[in-house]
Amino acid sequence: RIPEPGRWLHALLDVIHRGENKLFKLESLTDFYHTYGLFRFENKVYIFDPKLTQTVINKLEKGAGDYLENSPLKDTFLGSSSRSPEIRRAIAALFRKSTLEERGGLIIADVDNMCNKIGLEAKEGHVINITDWSLRMAMDVVGHMLLQLDLFAIEGKQEALLECLMTILHRCYALGEITSDSEEFKQANETLQKETTTILEKALQKEDKSTDTRFVIKLHEACGFEQARDNMKLFLMAGSETTASTIPVFCYLMATYARVQDELRQEADENMAALRADPALTLPKMESVLREVLRVYPIAPFISRQTTQQLVVGDVTIGANTDIKAFTWGIHRSSTQWDQSKEFVPFRFLNSGEKSASAMYIPFGAGSRICIGQHLAMLELKLACAIMLNRFKFCKVSETPELRFVTDWAHAVVHPDKDMFFKLEAR
Ligand code: HEM
């Protein structure tokens with residue numbers, strides 16, 4: 001039998017969490033049902049026992065039915081039923097760790113460009129909206145690294161594209177301010193379609209026929225105009241909001257833990273020349289902190305799968321057509337797996353001998369559908385955070401909100417509920 005909270009437990013959780021945040025309610029249920037390793041909630045099965053989670057991920061590939069249904073991504077290589085091996089191969093090659101590291105200089109150029117702009121704003125005495133800048137930077141990185149195009153988001157020439165991504169990802173999916181059948185959503189979707197169509201058309205016109213290296217051209221050759229455009233949308237959406245949501249959380253923690261900020265800055269300062277020469281260079285402290293940020297606040301708080309037939313995991317039987325959530329948020333924050341599980345322990349991953357370092361850690365998912373962009377994400381985060389700390393000191397001000405999260409349940413991402421503002425002192 002899969003345990004399910006009764007009425008009294010629901011009532012108790014409502015009192016504790018004042019009915020506010022379902023994510024923390026589910027986290028409490030993880031603690032409550034820890035001996036079972038799973039529970040049922042709103043007709044979905046949440047799994048958090050490491051062995052059960054691994055089995056489910058290994059056995060199931062299909063995402064929950066609603067995964068891409070209402071999304072502008074339903075015709076991409078992920079959502080499409082006719083998945084072309086040729087496109088998959090081209091895409092996989094682009095996301096290889098070594099390929100990305102060779103092109104890391106492009107990320108550095110985008111981060112430098114952002115820091116120059118931020119520097120000017122800071123000089124004029126403004127507090128800096130890191131959420132906004134991170135989204136611009138992440139969008140330009142996707143353009144340069146994955147599409148081999150300059151989207152000029154940091155330069156402010158892609159306001160329409162940014163605006164519609166914000167409406168779709170943030171206002172609709174994350175905050176739920178508007179629904180996916182609202183007029184605003186439809187308009188944003190149309191703008192996204194129009195803007196990406198124009199970008200692709202221009203890229204095809206510009207192409208120097210003597211070279212076939214540009215990815216959009218390959219994509220276009222492999223799958224035709226419409227699917228190429230939809231995959232561009234997929235990269236823009238999956239690749240920019242995720243890293244763009246992680247950077248403000250990192251900055252918030254740095255502004256909160258000033259000594260950690262200083263330690264990371266020292267590491268960044270000492271290695272900056274070498275990092276610029278070789279973006280693959282390891283920064284042990286920075287990488288430990290970034291891993292910890294994605295442990296304690298996994299921005300993808302669960303992984304969705306669906307059973308097509310009855311599934312037996314351990315001594316539990318799960319029926320056919322059940323939505324399953326491998327509950328990363330609960331797994332990463334479980335006191336049975338991690339010491340000081342709900343605390344930010346910046347250097348816990350530096351000490352690999354620790355019990356907690358061997359606990360289940362799946363910020364990018366697992367199995368055959370593991371995040372295709374994980375190496376890009378980690379490279380981008382390492383470079384962006386190191387360069388930003390090398391250039392600026394981060395301080396909280398009255399405009400800095402508390403760190404609270406909202407969850408986009410359909411697309412499995414959490415975001416800080418407000419834009420993050422900081423005072424930045426140039427060094
Ligand atoms: C901190 C940053 C990121 C995090 C935490 C993250 C996390 C995840 C997770 C948990 C999944 C689901 C995996 C599963 O179902 O097992 C996923 C899927 C995916 N991610 Fe990421 N991601 C990040 C950045 C990126 C970037 C930069 C891209 C670049 C385009 C990207 C593209 C994708 C795509 C296309 C999928 C769908 C894969 C599939 O279903 O086959 N992600 N990501």
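Q: Which residue stands opposite Phe 39 in E2?
A: Strands of a sheet pair through backbone hydrogen bonds, either parallel or antiparallel. Here, in what is a predicted model, Phe 39 faces Tyr 46 across the pairing. The strands involved are E1 and E2 (residues 44–47), which run antiparallel and are joined by four bridges.

Q: What is the order of the strands in the open sheet that holds E1 and E2?
A: Reading across, you get E1-E2-E7-E4, four strands with mixed pairing. Strand E1 (38–41) and E4 are at the edges with a single partner strand each, so one side of each has no neighbour in the sheet. From one strand to the next, the twist averages 25 degrees.

Q: And which helix lies across E1 and E2?
A: That's helix H2 (residues 22–32), and its direction is at about 140 degrees to E1.

Q: How should I read the other open sheet, the one with E11?
A: Start with a general point: in a regular strand the side chains alternate between the two faces of the sheet. As for the case here, three strands come in the order E3-E11-E8, and the pairing is antiparallel. The edges are strand E3 (128–129) and strand E8 (392–395); each has a single partner strand, so one side of each is left without a neighbour in the sheet.

Q: How many bridges join E8 to E11, and how many are there between E3 and E11?
A: E8 is tied to strand E11 (residues 421–426) by four bridges, while E3 and E11 pair over two bridges.

Q: At what angle to E8 does H14 run?
A: At about 95 degrees, with H14 lying across both E8 and E11.

Q: What does the hairpin of E9 and E10 look like between its strands?
A: Pairing first: strand E9 (residues 405–408) and strand E10 (residues 413–416) are antiparallel, with four bridges. Between the strands sit four residues, and Ala 412 has a positive phi near 55 degrees.

Q: Now the ligand. Which protein atom is the donor to its iron atom?
A: Ideal angles at a metal are 109.5 degrees for four tetrahedral donors, and 90 or 180 degrees for six octahedral ones. In this model, though, the protein supplies a single donor to the iron: SG of Cys 371, at 2.3 Å. Look for Cys 371 in the loop between helix H13 (328–332) and helix H14 (374–391).

Q: Which residues come nearest to the ligand?
A: There are 22 residues around the ligand, and the nearest are Thr 242, Ile 303, Arg 305, Arg 369 and Cys 371. Two elements give two or more residues to that shell, helix H10 (215–256) and strand E4 (303–306). H10 provides the largest share, five residues.

Q: What is the make-up of the shell by class?
A: You'll find 15 nonpolar, five polar and two charged residues around the ligand.

Technical notes
Residues are numbered from 1 along each chain as its sequence is written. This is a predicted model: local features need pLDDT of at least 70, side-chain atom pairs count only at pLDDT 80 or more; totals for chains, interfaces and linings use all residues. Side-chain values use heavy atoms; hydrogens and water are left out. Donors are N, O and S atoms within 2.8 Å of the metal (3.2 Å for Na, K and Ca); water is not among the atoms, so sites may look incomplete. A residue is near a molecule or strand if one of its heavy atoms lies within 4 Å of it. Ala, Val, Leu, Ile, Met, Phe, Trp, Tyr, Cys and Pro count as nonpolar, Asp, Glu, Lys and Arg as charged, and the others, Gly among them, as polar. Two strands pair if DSSP finds at least two bridges between them. Axes are lines fitted to C-alpha atoms, for helices over the stretch in contact, and angles run from 0 to 180 degrees between N-to-C directions. Contact means heavy atoms within 4.5 Å.
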